[in-house]
Amino acid sequence: MEIYSKLLIYYFSGTGNSKNVALWMSSVASKRNIESVIINIAEIDRTSITPPLKGELLVFISPIHGFNYPPAMMHFIGRFPKGENNVLLMNTRAGMLIGNFITPGLTGIAFLLSSLLLKMKGYSIVGMAPFDLPSNWISVHPGLNDKTIKIIHQKIKPKVLDCTEKVLSGKTNFAALREIVQDVIVSPISVMYYLIGRFLFAKSNFASADCNNCDICIKNCPVKAIIKVNNRPFWTYNCESCMKCMSHCPKKLLKPLMGQSYYIQFYFLQF
Ligand SMILES: Cc1cc2nc3c(=O)[nH]c(=O)nc-3n(C[C@H](O)[C@H](O)[C@H](O)COP(=O)(O)O)c2cc1C
């Protein structure tokens with residue numbers, strides 16, 4: 001007899017890492033004959049969220065942006081209705097490969113803030129698990145190549161499956177708490193990123209001269225932050241710098257100013 005009647009996975013994803021985690025989790029649930037529903041928070045009406053039913057396990061997955069969940073996920077959690085369900089918090093962070101070792105990203109205040117909010121709403125947190133998937137932070141480093149991305153996926157996927165098995169079996173997973181010291185140390189930077197940094201990153205995005213105005217970036221933006229100005233894509237302050245526009249640009253002509261000289265390469269399984 002399973003503990004949970006259903007898995008409700010709420011995700012936000014720019015370049016596919018968090019979406020992949022949602023799909024991997026769902027595959028574990030289906031092997032156990034537990035129904036799972038994957039909900040892209042960018043595609044639903046966030047002002048009227050259906051309250052969860054008793055016995056459903058809630059999972060929130062999102063990338064880390066500036067040592068916190070991006071505003072879209074924080075606002076979603078902030079608006080989430082009250083309830084008494086168990087909640088598993090997950091994130092995907094900037095994983096890089098050095099030799100055989102995946103360097104870990106930094107979660108910062110994402111889990112601390114969101115768990116506080118959800119606890120105040122009545123929920124019980126049964127896990128906080130970070131996963132270091134291929135970094136898409138191409139404003140601060142060159143894009144990763146196909147081989148590196150494949151290796152990171154191969155190494156991290158089993159950890160996601162294992163974590164899902166454990167939590168579905170009624171165990172807890174608070175792996176993130178091992179990093180609480182560095183998470184608290186970077187908390188002032190998360191606040192600065194939220195107040196200032198994210199706007200600077202948003203404004204550093206541009207389309208190069210060869211852009212043919214196909215509008216794919218505008219159509220795909222999960223937060224509708226790209227508009228047309230003088231018949232060119234223009235990034236407003238609503239941009240979360242999730243990089244979805246860049247990963248979808250067929251000609252790879254969109255760039256963050258700070259990383260414009262880098263070769264941008266994306267390899268994401270689900271896109
Ligand atoms: C603007 C921006 C800020 C980021 N900030 C962080 C960070 O603070 N810590 C971290 O570990 N990774 C950071 N990353 C990396 C992403 O969290 C990571 O690559 C994530 O797996 C992307 O998930 P997605 O493909 O679902 O969007 C950042 C990426 C971007 C684009």
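Let me begin with a classification: Ala, Val, Leu, Ile, Met, Phe, Trp, Tyr, Cys and Pro count as nonpolar, Asp, Glu, Lys and Arg count as charged, and the others, Gly among them, count as polar. This is a predicted model, in which local features need pLDDT of at least 70 and side-chain atom pairs count only at pLDDT 80 or more, while totals for chains, interfaces and linings use all residues. Residues are numbered from 1 along each chain as its sequence is written, and side-chain values use heavy atoms, with hydrogens and water left out.

I turn to the pockets. On a 1 Å grid over the protein atoms alone, a pocket is an open set of points with protein on both sides within 12 Å along at least five of seven lines, whereas a cavity is a set where a 1.4 Å probe fits but cannot get out; lining residues have an atom within 4 Å of a point. Grid points are joined across faces, edges and corners, and a volume is the space filled by probe spheres set on the points. Helices (H or I, at least four residues) and strands (E, at least two) are DSSP runs numbered from the N terminus.

The largest pocket has a volume of about 410 Å³. It is lined by 19 residues, of which Pro-130, Phe-131, Asp-132, Lys-159 and Arg-178 are the closest to its centre. Helix H4 (146–168) and strand S6 (124–134) each supply at least two lining residues, and H4 gives the largest share, six residues. By class, this lining has nine nonpolar, two polar and eight charged residues.

The second largest pocket holds about 340 Å³. Among its 29 lining residues, Ile-64, His-65, Ala-94, Asn-136 and Trp-137 are the closest to the centre. Strand S4 (86–98) gives the most to this lining, with three residues. Here the division is 13 nonpolar, 14 polar and two charged.

A polar side-chain atom of Asn-17 lies 2.8 Å from an oxygen atom of the ligand, and for an N or O atom in the side chain of Thr-92 the distance to a ligand oxygen atom is 3.0 Å.

Why does Ile-102 count as buried? Its relative accessibility is 14%, and buried means under 20% relative accessible area with a 1.4 Å probe, protein chains only. Ile-102 sits in strand S5 (residues 101–103). Beyond four places in sequence, Ile-102 touches (heavy atoms within 4.5 Å) Gly-95, Met-96, Leu-97, Asp-132, Ile-152, Lys-155 and Ile-156.

Glu-179, in the loop between H4 and helix H5 (180–185), is buried as well, with a relative accessible area of 17%. The side chains of Glu-179 and Arg-93 are joined by a polar contact of 2.6 Å; such a contact is a pair of N or O atoms within 3.5 Å, and within protein one must be able to donate a hydrogen and the other to accept it, residues adjacent in sequence counting only if both atoms are side-chain atoms.

Methods:
Buried < 20%, exposed > 50% of the residue type's maximum accessible area, 1.4 Å probe, protein only.
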